[in-house]
Structure formats: structure tokens, C-alpha cells
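Work through the exercises below with the sequence and the model open. Each task is followed by a stepwise solution.

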Amino acid sequence: MANIMSIEKRNDILRLLCEGNSLRSVSRLMGSNVRTILTQLEWAAGHCQRVMDEQFVNLHLGHVEVDEMWTFVGKKQARLTVEEKALRHDIGDEYLWYGIDQQSMLIPAFLVGKRTGDNARRFMRQLASRLWFPGPHASDDHAFGAGTYRPVIQISTDAFVAYPEAVDMFLGPYARFGTIVKEFRNSNIVYQPSEIVGSKRRAVFNLDGKERTICTSHVERSNLTVRTFMRRFTRLALGFSKKLECLQWAVTLHMAYFNFCWQPRTLEDRMTPAMAAGLTNRPWTFTELMGA
């Protein structure tokens, strides 16, 4: 007879992963082997991805801040051989690309991969596919007035060179876009926080006179939440991912949990990001998320 895990135990395993426990820590706490836990994580990632694809449709977002967060899979980039650098995309340095809405704290799009122009375009395509856009007729000439495009979102990023092309390709005149570069002092001192001494904001398009609104502070603060609750991103620890697909599964589970169950202190009345974005009318429990 097959040994079938109960739904309650499966949810307990996944909840422990969401709360920052490593795979082997969960294995010891729940009495399950690592392979079983990975099987449940793979199922949860697919389920959470379907839930977010169904819910994130025609989103009205104001200002999305985008950032890339570094981690590595298997071993760091400097340890790769020449052959591995040429043939393997699934080991070495990897980045979590994601954006967070400044008002609702919703994370509408994310991607795990190398820091390349192709992934920048893939990320922006995913973000654009989840936004609301006015119909084509809305920008036509009306009542003897020249037609115009009304921006529906503002995008703030760092100065990575692939962003302007990616934003223009998938959002075009419907986005206000600017970049910010922060300048630090003592950034080479190991284990010491760097001191920020200035920042340079640049309006790329549709932001004339509004350069002061360009900001990535919220998404950079969110990096701390990700590193705290996903051991795969914790620096100087042994919880790093050994396979790229396992990293992708863990990220998908965390993003769904954050969007539908997490209650950030920065939001009024302890709302979840999904509530603040108008997607739900109450916080979801973890059991509800897994059974949605």
C-alpha cells in the first residue's frame, strides 16, 4: 500500500519552509526525508504559480520598484571551470528579479535566472502581461483634440543597461520610467555596512520634472525579508540551493505566501498585499492558499 502524506502534514512542512527553515531542518522536525520534502515543494510551487496566474490579471499598480538579488546555485561563479561557464546556465551566480508595488507591497512578477538582457526582457514581459492597459481606441484623436497615451504605471530600477530597452519593448508609452544609482562610501570593507553618500536619479522617459519620485528603497528593504525567510538567500550559510529548479520552487512558494498571507507592518489595518491591491477582501490562511 502506498504511503500517502496527509494534507495537514504537507501544509506543516511547507509552512516551516515559509518561516525560514532549511530543508534538512524541516526534515529533522517533521521526520521526513529531504526527497519527500522536495516533492511537496515542487507541488506547492506549481500550485502557487497557478493561483498567482489566475489572480494577477488587469492589475492597477501605481509605482513598481524593480531590483535583482544575488545568490548562487551549487557553487559561486568564481569556482566554475571554463567549460562550466560556457555550457552550464544552472549553476554559479543566479539572481532573483522581482518588482514590488510601492503602495500595496504586492509582488506581481518575479524571475530567477542570470543577470542578462534576455532575462530583463522576460521579466518585463511577465510584468506587462499582468497589468491593465486602456484599449487602443483610448489614445486616438477625440473631439478635435490630439490623441495621447496615458501612462498606467511608473517603473524604478537601478542602472542595469538592459532595463530601458525591456521597459520600452513591453510597456512603451504606457510607463513612466527612471533609474537611480546610489553612491556608497567604504563599500569594500567586509562585514561592515556601507555608508550611502548620495544618489543620482535619471528620468528615462515620461518623467520630466518628477525625478524625485524615482525610488528603489522599498524593494531593497524587501531583500531583507527574502533573505530572512528563504535560507537559500542567506549569506554565509549552508542553505544555498544545489539545483536551479529547487531555487525556483522555493521562490514561487515564498512569493505566493507573501502576497496572500503576509501582513506587512507598513500597510494599514494589517492588510496583506493582495488585499491592498484589491484582489481579496481578507487575509488568506496558509491552508486556504494551499487549497485555493
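**Exercise 1.** How are α2 and α3 oriented to each other: roughly parallel or roughly perpendicular?

Solution. The model is predicted, with local features needing pLDDT of at least 70 and side-chain atom pairs pLDDT 80 or more, while totals for chains, interfaces and linings use all residues. Residues are numbered from 1 along each chain as its sequence is written, and side-chain values use heavy atoms, without hydrogens and water.

Step 1. Take the helices as DSSP runs (H or I, at least four residues; strands are E, at least two), numbered from the N terminus. Helix α2 covers residues 23–30 and helix α3 residues 34–55.

Step 2. The angle is about 110° and the axes are 9 Å apart.

Step 3. Classify: under 35 degrees is roughly parallel, over 145 roughly antiparallel, 65 to 115 roughly perpendicular, the rest oblique. Helices α2 and α3 are therefore roughly perpendicular.

Step 4. List the contact (heavy atoms within 4.5 Å): Leu23, Arg24, Val26 and Ser27 of α2 with Val34, Ile37 and Leu38 of α3.

**Exercise 2.** Which residues of α1 and α3 meet?

Solution. Step 1. The axes of α1 and α3 come within 10 Å and cross at roughly 85°, which makes α1 roughly perpendicular to α3.

Step 1. On the α1 side are Arg10, Ile13, Leu14 and Leu17; on the α3 side are Ile37, Gln40, Leu41, Trp43 and Ala44.

**Exercise 3.** Does the span of α7 agree or disagree with 1.5 Å a residue?

Solution. Step 1. The expected span is 1.5 Å times one less than the number of residues. For the 13 residues of α7 (residues 217–229) that should be 18 Å.

Step 1. The end C-alpha atoms of α7 are 19 Å apart, which agrees.

Step 2. Buried residues (under 20% relative accessible area; exposed is over 50%, partly exposed in between; 1.4 Å probe, protein chains only) in α7 are Val219, Ser222, Asn223, Thr225, Val226, Arg227 and Phe229. Their cover includes α1 (7–18), β1 (63–73), β2 (92–101) and α8.

**Exercise 4.** Is Met105 buried or exposed?

Solution. Step 1. Met105 is in the loop between β2 and β3 (109–113). Its phi is positive, about 65°, although Met105 is not a glycine.

Step 1. Most residues other than glycine have a negative phi.

Step 2. The relative accessibility of Met105 is 12%, so Met105 counts as buried.

Methods. Axes fitted to C-alpha atoms, helices over the stretch in contact; angles between N-to-C directions.
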